[in-house]
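Let's take a walk through this model together. Have the sequence and the viewer open side by side, and follow along as we go from the whole chain to single residues.

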Amino acid sequence: ETRAIIVDPDVAKQILLSPVARDDSIYEKQYTFVATFLGEGVITLDGPTWHRHRRILSPCFAPKLVKHSLNQILPELPQDIMS
């Protein structure tokens, strides 16, 4: 089994946005142990249900909202990290 670790954000984005990355038959999540504790959700689901949950959660991670939340939680966070 071959594995790769991607550390470059641009490469990761390119891989995740490729049509191959959207083919659920290629990847198989194996979170059955974690699902016992977390239930069914974005971390433990696959396929169309995962896509629906991901689409619902997507607005929660909009950059503007994340910046605002981080400013509330960590007001001393350096601004260069936030940009």
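How many helices and how many strands does the protein chain have? The count is 5 helices and 0 strands, and from the N terminus on the elements run α-α-α-α-α. Please keep in mind that this is a predicted model. The mean pLDDT of the protein chain is 75, with 72% of its residues at 70 or more. Where pLDDT is low, the predicted coordinates should not be read in detail.

Now for the overall packing. Of the 83 residues in the protein chain, 7% are buried. The chain exposes about 7600 Å², and carbon and sulfur atoms supply 61% of that area. If you look at contacts between residues at least 6 apart in sequence, 6% of them join residues at least 24 apart.

Is H1 tucked away or in the open? The number of buried residues among its 9 is 0, so H1 lies largely in the open. Valine 11 belongs to this helix, which spans residues 9-17. Together with Ile6 and Ile15, Val11 makes a nonpolar surface patch of about 210 Å². A general point about helices is handy here: an α-helix has 3.6 residues a turn, so residues three or four places apart point the same way.

Two further valines are worth a visit. Where is valine 42 found? Look in the loop between helix H2 (32-38) and helix H3 (47-57). With a relative accessible area of 23%, valine 42 is partly exposed. Valine 42 and arginine 54 are 12 residues apart in sequence, yet their C-alpha atoms are 6.2 Å apart in space.

Valine 66 lies in helix H4, which covers residues 63-73. Because its relative accessible area is 32%, valine 66 is partly exposed too. Which residues does valine 66 touch, leaving aside those up to four places away in sequence? The partners are Cys60 and Phe61.

How values were computed
Residues are numbered from 1 along each chain as its sequence is written. This is a predicted model: local features need pLDDT of at least 70, side-chain atom pairs count only at pLDDT 80 or more; totals for chains, interfaces and linings use all residues. Side-chain values use heavy atoms; hydrogens and water are left out. Patches are made of residues with over 30% relative accessible area and no salt bridge: like charges are joined within 9 Å, nonpolar side chains (Val, Leu, Ile, Met, Phe, Trp, Tyr) within 5 Å. Accessible areas come from the Shrake-Rupley method with a 1.4 Å probe; for residues, only the protein chains shown count as cover. A salt bridge is a side-chain nitrogen of Lys or Arg within 4 Å of a carboxyl oxygen of Asp or Glu. Helices (H or I, at least four residues) and strands (E, at least two) are DSSP runs, numbered from the N terminus. Buried means under 20% relative accessible area, exposed over 50%, partly exposed in between (1.4 Å probe, protein chains only). Contact means heavy atoms within 4.5 Å. pLDDT is the predictor's confidence in each residue, from 0 to 100.
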